[in-house]
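Me: I've just opened this model and want to get my bearings. Quick questions, plain answers please.

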Amino acid sequence: GGGGDVRVRAKLVVDATGFESKLTVRESPAAGGLWKELAPGYQIAYGMCVDVAGDKLAPYDASAMTLFDYRTDHLVGSDLLADAEERPSFVYVMPSGEGGCDGCGTSAFFEETSLVGRGERRLEFETLKQRLIKRLAFHGITYGEASVREEEYCYIPMGGQLPDRTQRVVPIGGAANTVHPATGYQLCRMLASSTGVAAALSAELSKGDGFDPDAAAAAAHASLWPASNRLQRDFAVFGGEFLGSQPVEILRGFFGAFFALEQPVWGGFLAGWPGLPGNENHATWLARVRFGITIALKFPPKVAATFVAYLAAFTAAYGPLILKSIFTPVFEIGVGPPPPDPGLRARRQRARDVYVTGDAAAKREAVEMLRSGRAGGTPRGEPSPQVELLEEEEAREEEALAA
């Protein structure tokens, strides 16, 4: 209560503070099978829940959720079109029943989403908001400004290096990189992974005086990221890198082929964790070969050529990560301990800059837009956890300056 430091003694520390953790140390690129570091990307999205006037929700189905609408016809003739073609975003639509006012039709949540990007390809919240507003206007979907609620500023770090398996801290959820590196999905993956981690920790804790914190942490890390999980994740990491670098024309062709697959196959990729539905279609190297051949045969020629060219460029830049995932028997299964790293101190500082600080510009933009909304009256949105932490830090700095 006095604001001073607090020291807590514990047998074990489980880190559930999220992706941008100050506790979890990331492994080196070499330990992850990479020739050089592959930094995280960011899924950025702006969403809002509104009461749609009348029953005009077309072209979207009022009885179903729409995912991955990459159309850009609503931007033709505007200065937003070229950017939307080069840095694509899609909308998903989730109807939720009757609106909350007389004369309102369906209540629906609309979210304009950049699947994944970094650097210059990382989209801005304001850009996404303007695209969404134009999209709804183009389709004749109208709503009262007073009905806007639950504004969402989505900020999801994706990909990046896995946790260092030699540390005592045991990460879970975002801190353990359970966010899907090609979709941004995380909750079910975190829940599915938690049972193995809990079993590993409880087995060691039950030894009483014989408890070994290093053994407990090692068992938990092994449960989270055994060789099979790492190989499957490597496949998804490549997928996220490919999708995050493509213009909208290629993404339309890719997802046209993707959703032409059988539902357990594409659903299994979106989930992508042992124990989740459809994962058997991606869990082994043979399943991944089968998946790759099947979807490649459905690609339009331009998408196929782009995919092959990107595969070659990615491998030349980062090493045979994807090849090991697909042709595992040709390579040694798993990865060994990292070689001696004379630049460890500098590498850990760089990792802290990336994995703790994240994309500060994106989070600051979300804070400013949230504050602007609050200044106009009743708050209409809540920050994501990383954005909330930044807002709290800035508030403490302002209080200290005012004191």
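Me: Start with E150. Where does it lie?

Reply: E150 lies in strand β6. Bear in mind that this is a predicted model, with residues numbered from 1 along each chain as its sequence is written. Local features need pLDDT of at least 70 and side-chain atom pairs 80 or more, totals for chains, interfaces and linings use all residues, and side-chain values use heavy atoms, without hydrogens or water.

Me: How are the strands and helices assigned?

Reply: They are DSSP runs numbered from the N terminus: helices are H or I with at least four residues, strands E with at least two.

Me: Back to E150. What is its phi?

Reply: Positive, about 50 degrees, although E150 is not a glycine.

Me: Is it buried or exposed?

Reply: E150 is exposed, with a relative accessible area of 53%. (Buried is under 20%, exposed over 50%, partly exposed in between, with a 1.4 Å probe and protein chains only.)

Me: Which other non-glycine has a positive phi?

Reply: N177 is one, with a phi of about 60 degrees. N177 sits in the loop between β7 (170–171) and α3 (187–205).

Me: And is N177 buried or exposed?

Reply: Buried, with a relative accessible area of 1%. E150, by contrast, is exposed at 53%.

Me: OK, what does β6 pair with?

Reply: β2 (residues 41–53) is joined to β6 (residues 149–158) by eight bridges, and the two run antiparallel. (Strands pair if DSSP finds at least two bridges between them.) C49 is opposite R149, and G41 has M158 as its bridge partner.

Me: Which strand runs parallel to β6?

Reply: β8 (residues 381–383), joined to β6 by three bridges. In that pairing, Y153 stands opposite P383.

Me: How many residues of β2 are buried?

Reply: Twelve of the 13, so β2 is mostly covered, going by the under 20% cut-off.

Me: Switching to pockets. Which element gives the most to the lining of the largest pocket?

Reply: β6, with seven residues. (On a 1 Å grid over the protein atoms alone, a pocket is an open set of points with protein on both sides within 12 Å along at least five of seven lines, and lining residues have an atom within 4 Å of a point; where a 1.4 Å probe fits but cannot get out, the set is a cavity.)

Me: How many residues line the second largest pocket?

Reply: 31, and F235, F238, G292, I295 and F307 lie nearest its centre.

Me: Which elements supply them?

Reply: Helices α5 (227–244), α6 (248–258), α7, α8 (285–296), α9 (301–318) and α10 (321–326) each supply at least two residues of that lining. α8 gives the most, with seven residues.

Me: Last one: which residues of α2 are buried?

Reply: F125, T127, L128, K129, R131, L132, R135 and L136. An α-helix has 3.6 residues a turn, so residues three or four places apart point the same way.

Me: How long is α2, and what follows it?

Reply: α2 (residues 125–138) has 14 residues and spans 20 Å from its first C-alpha to its last, close to the 20 Å expected at 1.5 Å a residue (1.5 Å times one less than the number of residues). After α2 comes G140, with a positive phi near 75 degrees.
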